[in-house]
Amino acid sequence: MGSAGVQIVCVALGVLGLIGGIVCCAIPRWKVSSFTGQNIVTAQETEEGLWMSCVVQSTGQQQCKSYESMLVLPSDLQAARAMTIISCMVTSLAILILFAGAEFTTCVENEDIKPKISLVAGIALLVSGLLLIIPVSWSANNVISNFYNPLVAQKMELGTCIFIGWAAGVLLILAGGLLMCFSRAKSGSSGGTAKYYGNSASAPAANKSYV
């Protein structure tokens, strides 16, 4: 019951992390315009994401435009596109693998293979969390650097997707770490116990046959 409970928690954390990754990939809220200092014009707000930039008027109207070419984008944005998509794909695959090797499912009937499958799912969740945190932190570092750079005219601040990406990455790393620790402990203890009882049970049988 304990192992199944931990795996259910890891599935929930993985799903939440996947939702956060999809939100970061889809919503253009990585960078938002800042209204500090000389930038006090609040008639419109600029929002930038992975795929488009939007201008929100004070009346509530929003106009979005996709980026014309990927080659003109900065390196952090190009890397963020690729790593965020890969993170979502790896997370989805890890959740499916975890369902296959979980204690509360019967997809795999061999009990000795299930801990190994859970270990693979944990490693995949850990990697997907890192793939999500790295581009988010990279973009956040560039935004902060440009904010304090006096040569940059248009100041930008951290958008909502940055914080969602950090939270989703932490959830994925936490789920992967729990699965890895749990799977290693269980696989080691079960294998040693099986070998011990197998050897001890065969020895008395052999002695009785000779008597």
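Select cysteine 54 and cysteine 64: the two form a disulfide, with their sulfur atoms 2.0 Å apart. A disulfide here is a pair of cysteine sulfur atoms within 2.5 Å, and the structure holds 1 of them. This is a predicted model, in which local features need pLDDT of at least 70 and side-chain atom pairs count only at pLDDT 80 or more, while totals for chains, interfaces and linings use all residues. Residues are numbered from 1 along each chain as its sequence is written, and side-chain values use heavy atoms, with hydrogens and water left out.

Stay on the disulfide and look along the S-S bond. The torsion about the S-S bond of cysteine 54 and cysteine 64 is about 105°, so the disulfide is right-handed. Cysteine 54 lies in strand β3 (residues 52-57) and cysteine 64 in strand β4 (residues 62-66), so the pair ties together parts that are 10 residues apart in sequence. Strands (E, at least two residues) and helices (H or I, at least four) are DSSP runs, numbered from the N terminus.

Now colour by accessibility. Buried means under 20% relative accessible area, exposed over 50%, and partly exposed in between (1.4 Å probe, protein chains only). Cysteine 54 is buried, at 0%, whereas cysteine 64 is partly exposed, at 42%.

Next, select cysteine 88, which is buried with a relative accessible area of 14%. The closest cysteine sulfur to that of cysteine 88 belongs to cysteine 25, at 5.8 Å, which is too far for a bond. Cysteine 107 counts as exposed, with 61% relative accessibility.

Move to threonine 91, in helix α2 (residues 75-101). Threonine 91 is buried, with a relative accessible area of 1%. Leaving out residues up to four places away in sequence, threonine 91 touches Gly14, Leu18, Leu125, Ser128 and Leu172; contact means heavy atoms within 4.5 Å.

Then show the nonpolar cores. Such a core is a set of buried Ala, Val, Leu, Ile, Met, Phe, Trp, Tyr and Cys residues joined through side-chain atoms within 4.5 Å. The largest has 13 residues, and those with the most contacts inside it are Cys10, Leu98, Leu125, Ala175 and Leu179. The elements giving two or more residues to this core are α1 (2-26), α2, α3 (114-147) and α4 (160-210). Select alanine 175: not counting residues up to four places away in sequence, alanine 175 touches Cys10, Leu13, Gly14 and Leu125.

Last stop: a second, separate core of 10 residues, which includes Leu77, Ala80, Val136 and Ala140.
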